[in-house]
Amino acid sequence: MSTASGNRITSELRAAMGRESAPVTSPDEISRSELRRHIQAIIEDDPIFWDEAAAKSRYGGLVCPGSFPITFTGRRPNGTP
């Protein structure tokens, strides 16, 4: 829904900004292949997401872009509707 000015941030979205939600855990582990495809899709070039040596020095290992959990945690465990 867009407003008269063309802004797509509605009053409901604005009210939700900055609020925290309960943690969500995915039923599956992240595979390197899924992470790689996500990084390619969002055209992320920071090596901490794909280069083990670059990520290890600062974080101890590869990390996921902030947008990945939104994509990944939407899965449901096997056997659920």
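A residue is called buried when its relative accessible area is under 20%, exposed when it is over 50%, and partly exposed in between, using a 1.4 Å probe and protein chains only. With that in hand, welcome to this structure, which is a predicted model: local features need pLDDT of at least 70, side-chain atom pairs count only at pLDDT 80 or more, and totals for chains, interfaces and linings use all residues. Residues are numbered from 1 along each chain as its sequence is written, and side-chain values use heavy atoms, with hydrogens and water left out.

**The overall picture**

- The protein chain has four helices and zero strands, where helices (H or I, at least four residues) and strands (E, at least two) are DSSP runs numbered from the N terminus.
- Read from the N terminus on, the order of elements is α-α-α-α.
- Of the 81 residues in the protein chain, 16% are buried.
- The protein chain exposes about 6,600 Å², and carbon and sulfur atoms supply 54% of that area; accessible areas come from the Shrake-Rupley method with a 1.4 Å probe, and for residues only the protein chains shown count as cover.
- Take the contacts (heavy atoms within 4.5 Å) between residues at least 6 apart in sequence: 49% of them join residues at least 24 apart.

**How confident is the prediction?**

- The mean pLDDT (the predictor's confidence in each residue, from 0 to 100) of the protein chain is 80, and 80% of its residues reach 70 or more.
- Among the elements, helix H1 (residues 11-16) has the highest mean pLDDT, 90, while helix H4 (residues 68-72) has the lowest, 70.

**Helix H2 and its two faces**

- The buried residues of H2 are Glu34, Leu35, His38 and Ile39.
- These four lie on the same side of H2, because they cover an arc of only 135 degrees around the axis; the arc is that of the directions from the helix axis to the C-beta atoms.

**A salt bridge between helices**

- Side chains of opposite charge can pair when their charged atoms come close.
- Here a salt bridge (a side-chain nitrogen of Lys or Arg within 4 Å of a carboxyl oxygen of Asp or Glu) joins the side chains of Glu52 and Arg32, at 3.5 Å from N to O.
- This pair links distant parts of the chain, as Glu52 is in helix H3 (residues 52-59) and Arg32 is in helix H2 (residues 32-41), 20 residues apart.
- By this rule, the count of salt bridges comes to one.
- Arg32 counts as exposed, because its relative accessibility is 57%, whereas Glu52 has 34% and therefore counts as partly exposed.

**The nonpolar core and its surroundings**

- In soluble globular proteins, nonpolar side chains tend to be buried together.
- The largest nonpolar core has five residues in all: Leu35, Ile39, Ile48, Phe49 and Ala55. Such a core is a set of buried Ala, Val, Leu, Ile, Met, Phe, Trp, Tyr and Cys residues joined through side-chain atoms within 4.5 Å.
- Leaving aside neighbours within four places in sequence, Ile48 is in contact with Ala54, Ala55, Tyr59, Leu62 and Val63.
- Arg58, found in helix H3, is 10 residues from Ile48 in sequence and 8.5 Å from it in space, C-alpha to C-alpha.
- With 65% relative accessibility, Arg58 counts as exposed.

**Phe68 in helix H4**

- Phe68 lies in helix H4 and, at 4% relative accessibility, counts as buried.
- Not counting residues up to four places away in sequence, Phe68 touches Ile30, Glu34, Leu35 and His38.
- The C-alpha atoms of Phe68 and Leu35 are separated by 7.8 Å, although these residues are 33 apart along the chain.

**A residue to look at in the loop**

- Most residues other than glycine have a negative phi.
- Ile43 is not a glycine, yet its phi is positive, about 55 degrees.
- Ile43 lies in the loop between H2 and H3, and its 72% relative accessibility makes it exposed.
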